[in-house]
Amino acid sequence: PGYVSLDSLSLGAPGGLLLDLSGVLSYGPGVMDFSLGGVALTRAGKLRLISGGDLELVSDTSGLQLDTLWLDLPSGEICADGWLRGDSINLEAGLNGVDIASFTSLMGVSVPFSGVVGASFSLMGTMGDMAARADILVENPTYDEWDSSDSLTASIIATGDSLIINGIWSWSDGIRSGVRMGFDEIWNRENQLDLKIPDLMWMEAELTGVGDELFYLLPMPLKTSGASVSARIEYQRETGEFSAGVASHFDRLYLTNPGIEFPGLSLYLTYPDQGGDPEYNGKITITSSQDRETTLESELLLNVREDLSFSRGSTPLELRGYSFRADFSRWEPLIAGVGWLRLSGTLTSAQEQLEGKPRISGKIDIDAATISMGGGGSIEGSSGGGSGEPSELPLDLNIRITGERGIWFRNSFANVEFSTEIDVTTIRGALTVGGDVKAVRGGVYLLGREFMITQGEVRILQTVPLGIELDIQAQTRVRSSVSGAEYT
(Lines give C-alpha, C1' and ligand atoms only; values in the text may rest on other atoms or scores of the structure.)
Protein backbone atom coordinates (compact mmCIF):
# COMPACT_ATOMS: atom_id res chain seq x y z
CA PRO A 1 0.00 0.00 0.00
CA GLY A 2 1.08 3.56 -0.57
CA TYR A 3 0.16 6.87 -2.09
CA VAL A 4 1.39 9.51 -4.50
CA SER A 5 0.65 13.13 -3.71
CA LEU A 6 0.31 15.81 -6.41
CA ASP A 7 0.64 19.17 -4.68
CA SER A 8 0.08 21.36 -7.74
CA LEU A 9 -0.25 20.90 -11.49
CA SER A 10 -0.99 23.49 -14.18
CA LEU A 11 -1.88 22.51 -17.72
CA GLY A 12 -2.18 25.01 -20.57
CA ALA A 13 -4.36 24.59 -23.66
CA PRO A 14 -5.03 26.56 -26.86
CA GLY A 15 -7.34 29.54 -26.46
CA GLY A 16 -5.67 30.79 -23.29
CA LEU A 17 -7.12 28.00 -21.13
CA LEU A 18 -5.26 27.06 -17.93
CA LEU A 19 -6.23 24.09 -15.70
CA ASP A 20 -4.96 23.99 -12.09
CA LEU A 21 -5.42 20.99 -9.83
CA SER A 22 -3.95 18.92 -7.01
CA GLY A 23 -4.58 15.36 -5.91
CA VAL A 24 -3.65 12.11 -4.22
CA LEU A 25 -3.36 8.58 -5.68
CA SER A 26 -3.69 5.83 -3.03
CA TYR A 27 -3.13 2.19 -3.91
CA GLY A 28 -3.10 -1.17 -2.24
CA PRO A 29 -3.80 -4.86 -2.96
CA GLY A 30 -6.62 -4.93 -5.51
CA VAL A 31 -7.73 -1.35 -4.91
CA MET A 32 -6.81 2.11 -6.16
CA ASP A 33 -8.24 5.46 -5.08
CA PHE A 34 -7.68 8.62 -7.14
CA SER A 35 -8.77 11.94 -5.65
CA LEU A 36 -8.48 15.41 -7.19
CA GLY A 37 -9.16 18.69 -5.41
CA GLY A 38 -8.67 22.37 -5.98
CA VAL A 39 -9.77 22.06 -9.61
CA ALA A 40 -9.87 25.45 -11.37
CA LEU A 41 -10.11 26.42 -15.02
CA THR A 42 -9.36 29.94 -16.20
CA ARG A 43 -9.31 31.63 -19.59
CA ALA A 44 -6.79 34.32 -20.52
CA GLY A 45 -5.64 34.32 -16.87
CA LYS A 46 -8.71 36.27 -15.73
CA LEU A 47 -12.01 34.61 -16.54
CA ARG A 48 -12.83 31.73 -14.21
CA LEU A 49 -14.73 29.02 -16.04
CA ILE A 50 -14.48 26.61 -13.08
CA SER A 51 -14.00 28.15 -9.67
CA GLY A 52 -13.51 24.89 -7.80
CA GLY A 53 -14.09 21.18 -8.07
CA ASP A 54 -13.50 17.68 -6.76
CA LEU A 55 -13.13 14.28 -8.40
CA GLU A 56 -12.85 10.91 -6.68
CA LEU A 57 -12.46 7.57 -8.48
CA VAL A 58 -12.22 4.18 -6.79
CA SER A 59 -11.12 1.02 -8.62
CA ASP A 60 -11.19 -2.44 -7.11
CA THR A 61 -11.75 -6.03 -8.21
CA SER A 62 -15.48 -5.41 -8.71
CA GLY A 63 -15.03 -2.48 -11.12
CA LEU A 64 -14.70 1.29 -11.28
CA GLN A 65 -16.71 3.71 -9.15
CA LEU A 66 -17.08 7.44 -9.70
CA ASP A 67 -17.72 8.46 -6.13
CA THR A 68 -17.77 12.21 -6.70
CA LEU A 69 -17.55 14.68 -9.56
CA TRP A 70 -18.34 18.27 -8.67
CA LEU A 71 -17.45 21.41 -10.62
CA ASP A 72 -18.35 24.89 -9.42
CA LEU A 73 -19.12 27.26 -12.31
CA PRO A 74 -19.47 31.06 -12.12
CA SER A 75 -23.22 30.43 -12.27
CA GLY A 76 -24.31 26.94 -11.27
CA GLU A 77 -22.59 23.60 -10.85
CA ILE A 78 -22.02 20.23 -12.52
CA CYS A 79 -22.12 16.99 -10.53
CA ALA A 80 -21.99 13.27 -11.35
CA ASP A 81 -21.57 9.82 -9.77
CA GLY A 82 -21.84 6.19 -10.87
CA TRP A 83 -20.07 2.90 -11.39
CA LEU A 84 -18.87 0.42 -14.03
CA ARG A 85 -18.79 -3.27 -13.12
CA GLY A 86 -18.03 -5.82 -15.79
CA ASP A 87 -20.39 -5.05 -18.68
CA SER A 88 -22.82 -3.17 -16.42
CA ILE A 89 -22.94 0.62 -16.00
CA ASN A 90 -24.86 3.04 -13.85
CA LEU A 91 -24.10 6.74 -14.31
CA GLU A 92 -25.98 9.84 -13.20
CA ALA A 93 -25.10 13.49 -13.87
CA GLY A 94 -26.74 16.84 -13.32
CA LEU A 95 -26.59 20.54 -14.08
CA ASN A 96 -27.86 23.01 -11.47
CA GLY A 97 -28.52 26.70 -12.16
CA VAL A 98 -26.17 27.04 -15.15
CA ASP A 99 -26.64 30.38 -16.92
CA ILE A 100 -26.27 29.69 -20.66
CA ALA A 101 -25.39 33.23 -21.73
CA SER A 102 -22.84 33.72 -18.96
CA PHE A 103 -21.10 30.38 -19.50
CA THR A 104 -20.97 30.58 -23.31
CA SER A 105 -19.61 34.13 -23.21
CA LEU A 106 -16.87 33.00 -20.84
CA MET A 107 -16.04 30.22 -23.30
CA GLY A 108 -15.82 32.81 -26.09
CA VAL A 109 -18.84 31.36 -27.91
CA SER A 110 -21.76 33.50 -29.09
CA VAL A 111 -25.22 31.88 -29.13
CA PRO A 112 -28.64 33.55 -29.64
CA PHE A 113 -30.16 31.46 -26.84
CA SER A 114 -30.11 32.24 -23.12
CA GLY A 115 -31.68 30.98 -19.92
CA VAL A 116 -30.87 29.14 -16.69
CA VAL A 117 -30.51 25.36 -17.11
CA GLY A 118 -31.20 22.58 -14.67
CA ALA A 119 -30.88 19.03 -15.99
CA SER A 120 -30.44 15.41 -14.96
CA PHE A 121 -28.97 12.61 -17.06
CA SER A 122 -28.79 8.87 -16.42
CA LEU A 123 -27.31 5.88 -18.24
CA MET A 124 -27.77 2.31 -16.98
CA GLY A 125 -27.84 -1.28 -18.19
CA THR A 126 -25.46 -3.70 -19.83
CA MET A 127 -23.47 -3.34 -23.03
CA GLY A 128 -25.91 -3.81 -25.90
CA ASP A 129 -28.94 -3.23 -23.66
CA MET A 130 -28.68 0.33 -22.37
CA ALA A 131 -31.33 2.73 -21.12
CA ALA A 132 -30.67 6.47 -21.11
CA ARG A 133 -32.77 9.38 -19.90
CA ALA A 134 -32.46 13.16 -19.97
CA ASP A 135 -34.74 15.65 -18.19
CA ILE A 136 -34.05 19.33 -18.87
CA LEU A 137 -35.51 22.55 -17.51
CA VAL A 138 -34.62 25.99 -18.91
CA GLU A 139 -35.99 28.88 -16.88
CA ASN A 140 -36.57 32.36 -18.37
CA PRO A 141 -35.54 31.31 -21.89
CA THR A 142 -34.97 33.83 -24.68
CA TYR A 143 -34.14 33.33 -28.34
CA ASP A 144 -33.10 36.51 -30.18
CA GLU A 145 -36.07 38.82 -29.47
CA TRP A 146 -38.42 36.03 -28.36
CA ASP A 147 -38.97 35.86 -24.58
CA SER A 148 -42.61 34.83 -24.23
CA SER A 149 -42.09 31.58 -22.30
CA ASP A 150 -41.71 31.13 -18.57
CA SER A 151 -39.72 27.94 -19.10
CA LEU A 152 -38.79 25.13 -21.49
CA THR A 153 -38.84 21.46 -20.49
CA ALA A 154 -37.69 18.32 -22.26
CA SER A 155 -37.83 14.64 -21.33
CA ILE A 156 -36.11 12.08 -23.57
CA ILE A 157 -35.84 8.32 -22.97
CA ALA A 158 -33.86 5.83 -25.07
CA THR A 159 -34.06 2.13 -24.34
CA GLY A 160 -33.11 -0.79 -26.54
CA ASP A 161 -34.16 0.05 -30.10
CA SER A 162 -36.65 2.77 -29.14
CA LEU A 163 -36.51 6.50 -28.55
CA ILE A 164 -39.31 8.22 -26.67
CA ILE A 165 -39.44 12.02 -26.67
CA ASN A 166 -41.81 12.25 -23.76
CA GLY A 167 -42.30 15.97 -24.24
CA ILE A 168 -40.51 19.09 -25.43
CA TRP A 169 -42.67 21.88 -24.04
CA SER A 170 -42.70 25.63 -23.88
CA TRP A 171 -44.62 26.85 -20.82
CA SER A 172 -46.37 30.20 -20.33
CA ASP A 173 -48.66 30.87 -17.35
CA GLY A 174 -49.07 27.14 -16.81
CA ILE A 175 -50.07 26.50 -20.45
CA ARG A 176 -47.84 24.33 -22.63
CA SER A 177 -47.04 24.06 -26.33
CA GLY A 178 -44.78 21.44 -27.85
CA VAL A 179 -44.51 17.87 -29.08
CA ARG A 180 -44.34 14.22 -27.95
CA MET A 181 -43.30 11.35 -30.21
CA GLY A 182 -41.89 7.84 -30.26
CA PHE A 183 -39.54 6.02 -32.67
CA ASP A 184 -38.47 2.40 -33.01
CA GLU A 185 -35.59 0.76 -34.92
CA ILE A 186 -33.48 3.85 -34.24
CA TRP A 187 -30.09 2.22 -34.97
CA ASN A 188 -28.75 1.42 -38.42
CA ARG A 189 -26.44 -1.46 -39.36
CA GLU A 190 -23.39 0.55 -38.26
CA ASN A 191 -24.98 1.03 -34.81
CA GLN A 192 -25.45 4.73 -35.48
CA LEU A 193 -28.53 6.68 -34.50
CA ASP A 194 -30.76 6.95 -37.60
CA LEU A 195 -34.22 8.51 -37.18
CA LYS A 196 -36.52 8.18 -40.19
CA ILE A 197 -40.18 9.06 -40.68
CA PRO A 198 -41.21 5.40 -41.30
CA ASP A 199 -39.83 4.64 -37.81
CA LEU A 200 -42.22 7.15 -36.20
CA MET A 201 -44.63 5.12 -34.08
CA TRP A 202 -46.79 7.99 -32.82
CA MET A 203 -46.79 11.76 -32.46
CA GLU A 204 -48.75 14.43 -30.64
CA ALA A 205 -48.03 18.12 -31.28
CA GLU A 206 -49.89 21.06 -29.86
CA LEU A 207 -49.83 24.83 -29.77
CA THR A 208 -51.93 26.58 -27.15
CA GLY A 209 -52.63 30.30 -27.35
CA VAL A 210 -49.33 31.14 -29.05
CA GLY A 211 -49.12 34.84 -29.93
CA ASP A 212 -47.37 37.17 -32.35
CA GLU A 213 -43.92 35.75 -31.53
CA LEU A 214 -44.69 32.64 -33.61
CA PHE A 215 -44.69 34.66 -36.83
CA TYR A 216 -41.48 36.46 -35.92
CA LEU A 217 -39.68 33.16 -35.31
CA LEU A 218 -40.90 31.33 -38.43
CA PRO A 219 -39.60 32.23 -41.92
CA MET A 220 -43.03 33.32 -43.16
CA PRO A 221 -44.10 36.51 -45.02
CA LEU A 222 -46.57 37.29 -42.21
CA LYS A 223 -46.62 39.71 -39.31
CA THR A 224 -49.46 39.84 -36.82
CA SER A 225 -50.94 41.89 -34.01
CA GLY A 226 -53.09 40.32 -31.32
CA ALA A 227 -52.51 36.76 -32.56
CA SER A 228 -53.74 33.70 -30.70
CA VAL A 229 -53.02 30.35 -32.35
CA SER A 230 -53.97 26.92 -31.04
CA ALA A 231 -53.34 23.72 -32.99
CA ARG A 232 -53.11 19.98 -32.49
CA ILE A 233 -51.73 17.20 -34.70
CA GLU A 234 -51.96 13.48 -33.91
CA TYR A 235 -50.57 10.42 -35.70
CA GLN A 236 -50.71 6.69 -34.90
CA ARG A 237 -48.79 4.32 -37.15
CA GLU A 238 -50.50 1.19 -35.81
CA THR A 239 -54.01 2.39 -36.74
CA GLY A 240 -52.95 4.63 -39.64
CA GLU A 241 -54.83 7.57 -38.14
CA PHE A 242 -53.81 11.18 -38.78
CA SER A 243 -55.66 14.29 -37.65
CA ALA A 244 -54.99 18.02 -37.54
CA GLY A 245 -56.87 21.00 -36.16
CA VAL A 246 -56.12 24.71 -36.00
CA ALA A 247 -58.06 27.51 -34.30
CA SER A 248 -56.60 31.00 -34.57
CA HIS A 249 -57.52 34.66 -34.36
CA PHE A 250 -55.65 37.80 -35.42
CA ASP A 251 -56.63 41.35 -34.53
CA ARG A 252 -54.49 42.35 -37.50
CA LEU A 253 -52.66 40.21 -40.04
CA TYR A 254 -50.13 41.78 -42.39
CA LEU A 255 -48.97 39.99 -45.54
CA THR A 256 -45.52 41.52 -46.02
CA ASN A 257 -45.35 40.70 -49.73
CA PRO A 258 -47.07 42.43 -51.52
CA GLY A 259 -48.09 44.35 -48.39
CA ILE A 260 -51.77 43.84 -47.44
CA GLU A 261 -53.25 44.33 -43.98
CA PHE A 262 -56.32 42.27 -43.07
CA PRO A 263 -58.46 43.26 -40.06
CA GLY A 264 -59.92 40.87 -37.50
CA LEU A 265 -59.29 37.46 -39.08
CA SER A 266 -60.19 34.07 -37.60
CA LEU A 267 -58.96 30.84 -39.20
CA TYR A 268 -60.03 27.26 -38.50
CA LEU A 269 -58.71 24.02 -40.01
CA THR A 270 -60.32 20.62 -39.46
CA TYR A 271 -58.93 17.34 -40.79
CA PRO A 272 -60.52 14.92 -41.13
CA ASP A 273 -63.83 16.77 -41.32
CA GLN A 274 -66.77 14.42 -40.85
CA GLY A 275 -69.60 16.94 -40.66
CA GLY A 276 -69.82 18.30 -44.20
CA ASP A 277 -69.93 17.20 -47.82
CA PRO A 278 -68.94 13.50 -48.03
CA GLU A 279 -66.85 14.25 -51.15
CA TYR A 280 -64.43 16.27 -49.01
CA ASN A 281 -62.53 15.30 -45.87
CA GLY A 282 -60.88 18.57 -44.89
CA LYS A 283 -62.09 22.11 -44.28
CA ILE A 284 -60.54 25.54 -43.79
CA THR A 285 -62.73 28.49 -42.84
CA ILE A 286 -61.66 32.13 -42.63
CA THR A 287 -63.89 34.86 -41.22
CA SER A 288 -63.41 38.53 -40.53
CA SER A 289 -65.45 40.82 -38.29
CA GLN A 290 -65.53 44.53 -37.58
CA ASP A 291 -67.70 46.17 -34.94
CA ARG A 292 -69.29 42.77 -34.26
CA GLU A 293 -70.43 42.45 -37.87
CA THR A 294 -69.14 39.65 -40.11
CA THR A 295 -67.49 41.17 -43.17
CA LEU A 296 -65.82 38.08 -44.64
CA GLU A 297 -66.92 34.44 -44.71
CA SER A 298 -64.86 31.96 -46.69
CA GLU A 299 -64.74 28.17 -46.83
CA LEU A 300 -62.23 25.90 -48.53
CA LEU A 301 -63.26 22.22 -48.73
CA LEU A 302 -60.49 19.72 -49.45
CA ASN A 303 -60.43 16.22 -50.90
CA VAL A 304 -57.20 14.76 -49.51
CA ARG A 305 -55.83 11.30 -50.29
CA GLU A 306 -53.75 9.69 -47.53
CA ASP A 307 -50.84 7.29 -47.93
CA LEU A 308 -49.11 7.05 -44.56
CA SER A 309 -46.92 4.08 -45.50
CA PHE A 310 -44.02 6.52 -46.07
CA SER A 311 -42.68 4.12 -48.67
CA ARG A 312 -40.29 5.40 -51.31
CA GLY A 313 -42.08 7.52 -53.90
CA SER A 314 -45.30 7.79 -51.88
CA THR A 315 -47.00 11.07 -50.98
CA PRO A 316 -48.39 11.06 -47.41
CA LEU A 317 -51.07 13.71 -48.11
CA GLU A 318 -52.16 14.53 -51.67
CA LEU A 319 -54.78 17.12 -52.62
CA ARG A 320 -57.15 15.58 -55.19
CA GLY A 321 -59.84 18.28 -55.41
CA TYR A 322 -61.29 21.33 -53.67
CA SER A 323 -64.21 23.76 -53.49
CA PHE A 324 -63.77 27.39 -52.41
CA ARG A 325 -66.19 30.27 -51.78
CA ALA A 326 -65.63 33.67 -50.18
CA ASP A 327 -68.38 36.19 -49.44
CA PHE A 328 -67.46 39.80 -48.66
CA SER A 329 -69.74 42.35 -46.98
CA ARG A 330 -68.14 45.78 -46.50
CA TRP A 331 -64.76 44.15 -45.82
CA GLU A 332 -61.93 46.64 -45.34
CA PRO A 333 -58.35 45.59 -46.26
CA LEU A 334 -55.46 48.06 -46.40
CA ILE A 335 -52.97 47.71 -49.28
CA ALA A 336 -49.49 49.22 -48.88
CA GLY A 337 -48.68 51.81 -51.54
CA VAL A 338 -52.31 51.85 -52.75
CA GLY A 339 -54.74 52.67 -49.98
CA TRP A 340 -57.88 51.58 -48.12
CA LEU A 341 -60.83 49.76 -49.68
CA ARG A 342 -64.27 48.59 -48.58
CA LEU A 343 -65.35 45.53 -50.60
CA SER A 344 -68.49 43.43 -51.08
CA GLY A 345 -69.09 40.49 -53.39
CA THR A 346 -68.31 36.82 -53.94
CA LEU A 347 -65.38 34.77 -55.26
CA THR A 348 -65.59 31.05 -56.09
CA SER A 349 -63.32 28.29 -57.35
CA ALA A 350 -63.66 24.49 -57.56
CA GLN A 351 -62.03 21.43 -59.08
CA GLU A 352 -63.33 17.91 -58.44
CA GLN A 353 -60.10 16.54 -59.91
CA LEU A 354 -57.01 18.74 -60.04
CA GLU A 355 -56.42 19.52 -63.68
CA GLY A 356 -54.48 22.56 -64.78
CA LYS A 357 -54.51 25.83 -62.87
CA PRO A 358 -57.11 26.83 -60.29
CA ARG A 359 -59.63 29.34 -61.67
CA ILE A 360 -61.12 32.06 -59.45
CA SER A 361 -64.29 33.76 -60.67
CA GLY A 362 -66.68 36.28 -59.18
CA LYS A 363 -67.76 39.87 -58.77
CA ILE A 364 -66.42 42.46 -56.33
CA ASP A 365 -68.12 45.79 -55.60
CA ILE A 366 -66.00 48.63 -54.25
CA ASP A 367 -68.36 50.28 -51.75
CA ALA A 368 -65.78 52.90 -50.84
CA ALA A 369 -62.04 53.47 -51.21
CA THR A 370 -59.34 56.02 -50.57
CA ILE A 371 -56.42 55.47 -52.94
CA SER A 372 -53.22 57.49 -52.64
CA MET A 373 -50.53 55.43 -54.42
CA GLY A 374 -47.81 57.51 -52.77
CA GLY A 375 -48.56 60.55 -54.90
CA GLY A 376 -46.61 59.16 -57.81
CA GLY A 377 -49.17 56.75 -59.16
CA SER A 378 -47.05 53.63 -58.77
CA ILE A 379 -47.99 50.61 -56.77
CA GLU A 380 -45.30 49.54 -54.33
CA GLY A 381 -43.48 46.49 -55.58
CA SER A 382 -44.51 46.97 -59.22
CA SER A 383 -42.03 46.53 -62.00
CA GLY A 384 -42.26 50.17 -63.02
CA GLY A 385 -42.53 49.32 -66.70
CA GLY A 386 -39.38 47.21 -66.91
CA SER A 387 -38.61 45.15 -69.97
CA GLY A 388 -39.23 41.45 -70.34
CA GLU A 389 -42.26 39.21 -70.55
CA PRO A 390 -44.70 39.29 -67.61
CA SER A 391 -44.42 36.31 -65.28
CA GLU A 392 -47.09 33.64 -65.63
CA LEU A 393 -49.62 33.53 -62.81
CA PRO A 394 -50.14 30.19 -61.03
CA LEU A 395 -53.93 30.59 -61.35
CA ASP A 396 -56.55 31.89 -63.79
CA LEU A 397 -58.80 34.85 -62.96
CA ASN A 398 -62.18 36.01 -64.18
CA ILE A 399 -63.30 38.75 -61.80
CA ARG A 400 -65.47 41.81 -62.46
CA ILE A 401 -64.81 44.82 -60.22
CA THR A 402 -67.36 47.64 -60.06
CA GLY A 403 -67.88 50.78 -58.04
CA GLU A 404 -70.45 53.55 -58.55
CA ARG A 405 -69.40 56.24 -56.04
CA GLY A 406 -67.13 56.78 -53.08
CA ILE A 407 -63.86 55.74 -54.76
CA TRP A 408 -61.48 58.64 -54.06
CA PHE A 409 -58.01 59.17 -55.47
CA ARG A 410 -56.27 61.54 -53.07
CA ASN A 411 -52.69 62.75 -52.82
CA SER A 412 -50.76 66.00 -53.21
CA PHE A 413 -51.68 66.21 -56.92
CA ALA A 414 -55.32 65.16 -57.05
CA ASN A 415 -58.61 64.82 -55.16
CA VAL A 416 -60.96 62.98 -57.53
CA GLU A 417 -63.97 60.69 -57.03
CA PHE A 418 -64.30 57.85 -59.53
CA SER A 419 -66.73 55.17 -60.66
CA THR A 420 -65.36 52.03 -62.24
CA GLU A 421 -66.27 48.84 -64.08
CA ILE A 422 -63.33 46.65 -65.00
CA ASP A 423 -62.62 42.97 -65.65
CA VAL A 424 -59.55 41.24 -64.22
CA THR A 425 -58.72 38.14 -66.23
CA THR A 426 -55.79 36.06 -67.39
CA ILE A 427 -54.78 35.37 -70.98
CA ARG A 428 -52.28 32.52 -71.40
CA GLY A 429 -51.18 33.03 -67.80
CA ALA A 430 -50.71 36.80 -68.09
CA LEU A 431 -52.78 39.18 -65.97
CA THR A 432 -55.00 41.52 -68.01
CA VAL A 433 -57.28 44.36 -66.92
CA GLY A 434 -59.97 45.91 -69.10
CA GLY A 435 -62.82 48.35 -68.57
CA ASP A 436 -63.64 51.96 -67.76
CA VAL A 437 -62.77 54.31 -64.94
CA LYS A 438 -64.77 57.56 -64.92
CA ALA A 439 -64.26 60.74 -62.93
CA VAL A 440 -67.43 61.75 -61.07
CA ARG A 441 -66.09 64.94 -59.54
CA GLY A 442 -62.95 66.50 -58.14
CA GLY A 443 -59.86 68.30 -59.25
CA VAL A 444 -56.14 68.08 -59.93
CA TYR A 445 -53.33 70.44 -59.00
CA LEU A 446 -51.01 71.54 -61.81
CA LEU A 447 -48.74 74.56 -62.29
CA GLY A 448 -49.82 75.95 -58.95
CA ARG A 449 -53.54 75.91 -59.86
CA GLU A 450 -56.52 73.72 -59.18
CA PHE A 451 -58.21 72.32 -62.28
CA MET A 452 -61.77 71.03 -61.80
CA ILE A 453 -62.55 67.96 -63.88
CA THR A 454 -65.58 68.43 -66.11
CA GLN A 455 -65.23 65.16 -67.98
CA GLY A 456 -62.86 62.31 -67.32
CA GLU A 457 -62.67 58.77 -68.55
CA VAL A 458 -59.87 56.22 -68.59
CA ARG A 459 -60.50 53.25 -70.85
CA ILE A 460 -58.29 50.27 -70.04
CA LEU A 461 -57.83 47.96 -73.01
CA GLN A 462 -57.73 44.28 -72.21
CA THR A 463 -54.46 43.64 -73.99
CA VAL A 464 -50.98 42.36 -73.20
CA PRO A 465 -49.14 44.62 -72.61
CA LEU A 466 -51.70 46.93 -71.02
CA GLY A 467 -53.19 49.66 -73.24
CA ILE A 468 -54.85 52.83 -71.93
CA GLU A 469 -56.95 55.51 -73.64
CA LEU A 470 -57.46 58.85 -71.86
CA ASP A 471 -60.27 61.39 -72.34
CA ILE A 472 -59.97 64.02 -69.63
CA GLN A 473 -61.19 67.63 -69.62
CA ALA A 474 -60.60 70.04 -66.78
CA GLN A 475 -60.97 73.78 -66.25
CA THR A 476 -59.60 76.43 -63.97
CA ARG A 477 -60.18 80.17 -63.55
CA VAL A 478 -57.44 82.75 -64.03
CA ARG A 479 -57.55 86.50 -63.43
CA SER A 480 -56.07 89.00 -65.88
CA SER A 481 -53.27 91.05 -64.35
CA VAL A 482 -54.31 94.01 -66.55
CA SER A 483 -58.13 94.15 -66.48
CA GLY A 484 -58.79 92.02 -63.45
CA ALA A 485 -61.32 89.96 -65.38
CA GLU A 486 -61.63 86.25 -64.76
CA TYR A 487 -61.33 83.70 -67.53
CA THR A 488 -62.08 79.94 -67.60
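Predicted model: local features only at pLDDT ≥ 70, side-chain atom pairs only at ≥ 80, totals over all residues.
Residues are numbered from 1 along each chain as its sequence is written, and side-chain values use heavy atoms, hydrogens and water being left out.

The side chain of Glu-204 meets that of Arg-180 in a salt bridge, at 3.1 Å from N to O. Because Glu-204 belongs to strand β14 (residues 200–210) and Arg-180 to strand β13 (residues 175–184), the pair ties together parts that are 24 residues apart in sequence. Strands (E, at least two residues) and helices (H or I, at least four) are DSSP runs, numbered from the N terminus. Arg-180, at 21% relative accessibility, also counts as partly exposed. Across the whole structure, a search finds 21 salt bridges, each defined as a side-chain nitrogen of Lys or Arg within 4 Å of a carboxyl oxygen of Asp or Glu. Another joins Lys-196 to Asp-194, with 3.6 Å between the closest N and O atoms; Lys-196 is partly exposed at 38%, and Asp-194 is partly exposed at 26%. In a further salt bridge, between Glu-457 and Arg-459, the closest N and O atoms are 3.6 Å apart. Shared partners link Arg-176, Arg-180, Glu-204, Glu-206, Arg-232 and Glu-234 into one network of salt bridges.

Aromatic rings of Phe, Tyr and Trp (its six-membered ring) were paired if their centres lie within 6.5 Å, with planes under 30 degrees apart taken as stacked, over 60 as edge-to-face and the rest as tilted. By this rule the count comes to 5 aromatic pairs. One of them, Phe-242 with Tyr-271, is tilted, with 6.1 Å centre to centre and 50° between the planes. This pair links distant parts of the chain, Phe-242 lying in strand β16 (residues 241–255) and Tyr-271 in strand β17 (residues 260–271), 29 residues apart. Both Phe-242 and Tyr-271 are buried. Phe-328 and Trp-331 also form a tilted pair, at 5.3 Å centre to centre and 35° between the planes. Phe-328 counts as buried at 14% relative accessibility, as does Trp-331 at 7%. Together with Phe-262, Phe-328 and Trp-331 form one aromatic cluster.

Charges were also found over rings, a placement that requires NZ of Lys or CZ of Arg within 6 Å of the ring centre and within 35 degrees of the ring normal. Arg-85 lies over the face of Trp-83, at 4.4 Å from the ring centre. Arg-410 lies over the face of Trp-408, also at 4.4 Å from the ring centre.

Gly-94 is placed in strand β8 (residues 88–99) and is buried, with a relative accessible area of 11%. Neighbours within four places in sequence aside, Gly-94 is in contact (heavy atoms within 4.5 Å) with Glu-77, Ile-78, Cys-79, Ala-119 and Ser-120.

Notes: Buried < 20%, exposed > 50% of the residue type's maximum accessible area, 1.4 Å probe, protein only.
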